[in-house]
Amino acid sequence: MVHLVLYGTETSPPVRAVLLTLRALELEHEFRRLDMQAGEHLEPELLRKNPQHTVPMLEDGEACIWDSHAIIGYLVNKYAQDDALYPKEPLQRAVVDQRLHFETGVLFHGCFKPLQRALFKENDAPEVPKDRIADLHEAYAHLERFLGENPYLAGGQLTIADFSVVATVSTLHLSYCPVEGAKYPKLSAWLARLSTLPHYDEDNLRGARLLAERVRAKLPKQFDKLWQKAFEDIKSGAGKH
Ligand SMILES: N[C@@H](CCC(=O)N[C@@H](CS)C(=O)NCC(=O)O)C(=O)O
């Protein structure tokens with residue numbers, strides 16, 4: 001019998017990418033919530049399982065897998081009834097993989113993590129660093145071009161690339177820089193499209209909002225009307241222009 005255990009916290013975008021994938025595959029799992037601020041992910045037992053001490057981490061029987069991209073690819077390869085979410089055809093797979101690597105390198109490590117570090121680790125009276133927001137706009141512009149005329153990031157079909165990228169983009173949208181429909185109509189419409197997935201609020205939006213609350217508490221001045229609007233309802237803020 002399948003017994004999947006996911007370790008993490010809902011505020012983490014890559015954890016939510018896994019939750020969206022588990023939902024799409026209708027896989028039952030146990031969620032072990034870790035208090036990252038209290039350092040629960042650094043407990044010796046978890047370090048033994050994942051020396052990199054990142055979440056998400058998935059246990060499948062004896063196996064421990066970490067890095068959200070490795071996890072979501074594994075889940076589709078092992079448990080999906082077909083390959084729609086992660087196509088086996090080499091060129092289609094390369095497109096999905098490119099988007100996944102873009103999430104890792106550009107969105108998460110290039111944009112999200114430096115913003116989080118600036119706000120929560122380095123600065124007592126923080127502001128959103130302007131050059132970081134410029135990087136974010138560049139990333140949004142790339143995504144706008146990746147989408148082209150397609151409804152999903154890797155073409156006509158929903159794939160794990162959409163789950164990975166939406167978890168991070170929705171977080172950046174709510175916390176740091178709204179995806180404005182006038183500027184990024186395709187990305188904005190895509191965000192709205194993804195937000196209609198069944199259980200999207202539970203699997204992704206709730207955690208993104210929780211993190212946005214923390215950012216908001218740190219940035220009372222910068223959290224202006226525009227951000228407030230995006231925060232209040234991701235759905236009404238996206239794809240309506
Ligand atoms: N590329 C990784 C990023 C994982 C990551 O850095 N997760 C953060 C939480 S959002 C974390 O575990 N930080 C704690 C640590 O690195 O010790 C993935 O997609 O899983």
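Which residue in β3 is the bridge partner of valine 5? The structure is a predicted model, in which local features need pLDDT of at least 70 and side-chain atom pairs count only at pLDDT 80 or more, while totals for chains, interfaces and linings use all residues. Residues are numbered from 1 along each chain as its sequence is written.

The partner of valine 5 is glutamate 59. Strand β1 (residues 4–8) and strand β3 (residues 57–60) run antiparallel and are joined by four bridges; strands pair if DSSP finds at least two bridges between them. Helices (H or I, at least four residues) and strands (E, at least two) are DSSP runs, numbered from the N terminus. Strand β3 is also joined by four bridges to strand β4 (residues 63–66), again in an antiparallel arrangement. In this pairing, isoleucine 65 of β4 stands opposite leucine 58. A hairpin is formed by β3 and β4, with two residues between them. Glycine 61, in the turn, has a positive phi of about 65 degrees.

Two packed helices are described by the angle between their axes and the distance between the axes. For α4 and helix α6 (residues 160–175), the angle is about 20 degrees and the axes are 8 Å apart. Axes are lines fitted to C-alpha atoms, for helices over the stretch in contact, and angles run from 0 to 180 degrees between N-to-C directions. Residues in contact have C-beta atoms, placed from the backbone, within 7 Å. Among them are Val96, Leu100 and Phe108 of α4 and Ile160, Val165 and Leu172 of α6. By class, this contact has eleven nonpolar, three polar and two charged residues. Ala, Val, Leu, Ile, Met, Phe, Trp, Tyr, Cys and Pro count as nonpolar, Asp, Glu, Lys and Arg as charged, and the others, Gly among them, as polar.

The shell around the ligand has five nonpolar, seven polar and one charged residues.

How values were computed:
Contact = placed C-beta atoms within 7 Å.
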